[in-house]
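Subject: Structure handover

Hello,

I am passing on the structure below. Please look through it when you have time.

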Amino acid sequence: MNDVVQNADDRSGAVKAAGVSITDLRKSYGSNEVLKGISLEVKPGEVVCLIGPSGSGKSTLLRCVNLLEQPNVGSVHVGGFEATDPDVDIDKMRRKVGMVFQQFNLFPHLSALGNCTISQTKVLKRSQADASAVAMRNLERVGLGHLSDRFPDELSGGQQQRVAIARALSMDPELMLFDEPTSALDPETVGDVLAVMRNLAKEGMTMLVVTHEMGFAREVADRVVFMDGGVVVEEGVAEQVISAPTHARTKEFLRRVLDPTHIDIAE
Amino acid sequence: MAMTARQRARVSLYVQAGIFVVAMVALILATDWETISTSVFNFGKIGPMFPDIILVGLKNTLIYTALGFMVGLSGGLLLALMKLSSFPLYRWLATGYIEFFRGIPALLVFIAFGYGVPLAFGVSWNVTVVAMISLGMVAAAYIAETLRAGLQAVPKGQMEAARSLGMPQWRAMISIVIPQAFRIVLPPLTNEVILLTKDSSLIYVLGLTASQYELTKFGRDGISSLGAGLTPLLVAGAFYLVITIPLSLLARKFESRSARTKR
Ligand SMILES: Nc1ncnc2c1ncn2[C@@H]1O[C@H](COP(=O)(O)OP(=O)(O)OP(=O)(O)O)[C@@H](O)[C@H]1O
Ligand SMILES: [Mg+2]
């Protein structure tokens with residue numbers, strides 16, 4: 001069941017991919033409604049980039065997909081799971097969903113290899129040898145096979161984020177969530193992380209990516225979704241949303257993000 | 001005429017040194033050297049304390065402390081987890097326990113478990129068990145607060161990352177959060193051991209047989225039997241330092257190590 005299965009998608013994939021379907025999702029913190037009825041479909045193997053100004057609810061939406069936040073209303077389906085079903089086995093559902101955080105959140109007391117094996121051995125009950133083999137394969141996949149013994153504080157930001165991706169991949173997820181994976185990185189290491197993500201997309205992984213990297217979105221994303229104020233304002237083919245947005249708010253946002261004199265906002 | 005900053009600093013240094021010299025001279029003049037050498041620093045007569053103060057006293061102090069620490073650490077971890085629990089009753093119980101045992105003298109706990117509980121329930125405990133339970137229950141209260149702070153100092157993202165990898169809450173606690181919390185609390189935990197080492201002397205209230213003597217009891221006995229005044233207590237004190245100073249150094253080492261890994 002955890003074997004890497006060839007995907008019968010149009011991509012040259014080596015990944016078993018699941019789709020996501022979000023219906024009328026609402027989330028409030030106290031009286032502050034952060035998500036005001038979001039519906040979003042991501043097909044298996046599709047790459048969707050979420051863009052939008054700070055505070056628009058992008059992180060909250062992503063965190064509702066793997067239930068780090070409990071939505072108030074609406075439903076989330078991931079693969080065969082209804083995540084929002086009160087009886088769902090959350091831990092089983094989360095194994096299908098890899099998450100990559102802005103701040104990496106690597107386990108500092110474990111080596112790169114240990115980060116990638118711990119959940120395999122403790123959750124999937126794989127043997128140490130099997131887990132190590134899977135971990136090494138994924139560390140090599142992100143170009144870090146040679147640094148598997150390093151601890152997180154001995155790695156650069158970009159390397160840490162790639163270990164975090166390898167860690168998520170080691171659980172054989174069918175969907176990957178990325179929350180601004182390059183926002184905390186030095187500019188010169190951003191490219192390495194984006195390259196890994198680009199490869200993952202090519203392999204056919206379903207990806208939901210919050211990012212301000214418009215170049216990446218344009219090149220890799222099948223679709224771009226623009227959120228503002230807790231609603232989806234505009235969505236469509238990446239090239240079209242980024243180059244020819246129809247809504248005023250999207251235009252304004254993209255103008256600020258793409259204008260080099262406003263690079264501080266784009267960070 | 002105004003002084004420069006450097007001149008002022010030098011004058012301040014001279015004043016401090018002067019105060020120290022005057023204080024030392026006064027102390028030396030006021031001291032009764034005759035009495036001191038017979039009843040405080042009378043090392044000629046302490047021979048009979050050896051080797052038992054080491055083979056029995058030091059050994060028992062270490063045993064009582066180690067057992068108390070084991071109980072204190074497990075109890076403290078349980079209390080810390082209770083204090084962070086989402087179930088209010090657990091939080092109240094833990095808070096009540098911690099406030100109670102931190103608020104009363106450890107001596108009362110020894111008396112309660114040494115005399116009160118055996119009397120009330122008709123059980124008879126040996127001294128080692130009483131020491132283990134009494135020290136452990138007091139230590140648990142202090143260690144609980146230390147561990148709670150340590151658990152809360154582990155960034156929230158660690159739990160989220162672990163849960164995202166499919167770990168259940170308890171597994172994430174055991175494999176990810178608690179190991180990091182222990183690293184954070186290693187220095188304060190070492191200090192708890194130092195306090196515990198000293199508190200183990202309170203076992204004297206129970207009336208010990210010779211094989212149960214720990215360091216302080218050896219010191220007190222020596223006062224009445226050796227005719228060297230307080231010298232035996234000084235010897236006992238020195239053995240406590242033999243235990244606690246290395247622990248202090250260890251704590252400092254942990255501190256500098258965790259400062260380095262945090263960067
Ligand atoms: N745990 C929380 N408690 C209360 N309010 C929250 C919480 N998490 C997020 N919010 C609020 O929800 C809103 C949306 O936050 P969210 O992090 O989803 O935005 P975002 O689009 O990811 O922004 P950014 O680009 O800055 O990361 C913000 O107004 C934020 O203050
Ligand atoms: Mg965010």
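The model is predicted, so local features need pLDDT of at least 70 and side-chain atom pairs count only at pLDDT 80 or more, while totals for chains, interfaces and linings use all residues. Residues are numbered from 1 along each chain as its sequence is written, chains are lettered from A and ligands numbered from 1 in the order in which they are written, and side-chain values use heavy atoms, with hydrogens and water left out.

Interface of chains A and B

Chain A puts 22 residues in contact with 19 residues of chain B (contact means heavy atoms within 4.5 Å). The buried area is about 1800 Å², and carbon and sulfur atoms give 56% of that; buried area is the accessible area, with a 1.4 Å probe, that two parts lose on being put together, summed over both. Of the area that chain A buries against chain B, Phe107(A), His109(A) and Asp153(A) supply 29%, more than any other three residues. Two salt bridges are found across the interface (a side-chain nitrogen of Lys or Arg within 4 Å of a carboxyl oxygen of Asp or Glu). Asp91(A) and Arg163(B) form a salt bridge through their side chains, at 3.4 Å from N to O.

Helix pairs

Helices (H or I, at least four residues) and strands (E, at least two) are DSSP runs, numbered from the N terminus. Axes are lines fitted to C-alpha atoms, for helices over the stretch in contact, and angles run from 0 to 180 degrees between N-to-C directions.

In chain A, H3 (residues 112-122) packs on H4 (residues 128-141) at about 130°, with the axes 9 Å apart. That angle makes H3(A) oblique to H4(A) (under 35 degrees is roughly parallel, over 145 roughly antiparallel, 65 to 115 roughly perpendicular, and the rest oblique). Among the residues of H3(A) that meet H4(A) are Leu113(A) and Cys116(A).

In chain B, H4 (residues 88-103) and H6 (residues 127-153) pack at about 120°, with their axes 8 Å apart. H4(B) and H6(B) are therefore oblique to each other as well. From H4(B), Tyr97(B), Ile98(B), Phe101(B) and Arg102(B) take part in the contact with H6(B).

Backbone

Most residues other than glycine have a negative phi, and most peptide bonds are trans. Asp24(A), not a glycine, has a positive phi of about 45° and lies in strand E1 (residues 20-29) of chain A. The peptide bond from Phe50(B) to Pro51(B) is cis, with omega near 0°. Pro51(B) sits in the loop between helices H2 (33-39) and H3 (52-83) of chain B.

Regards
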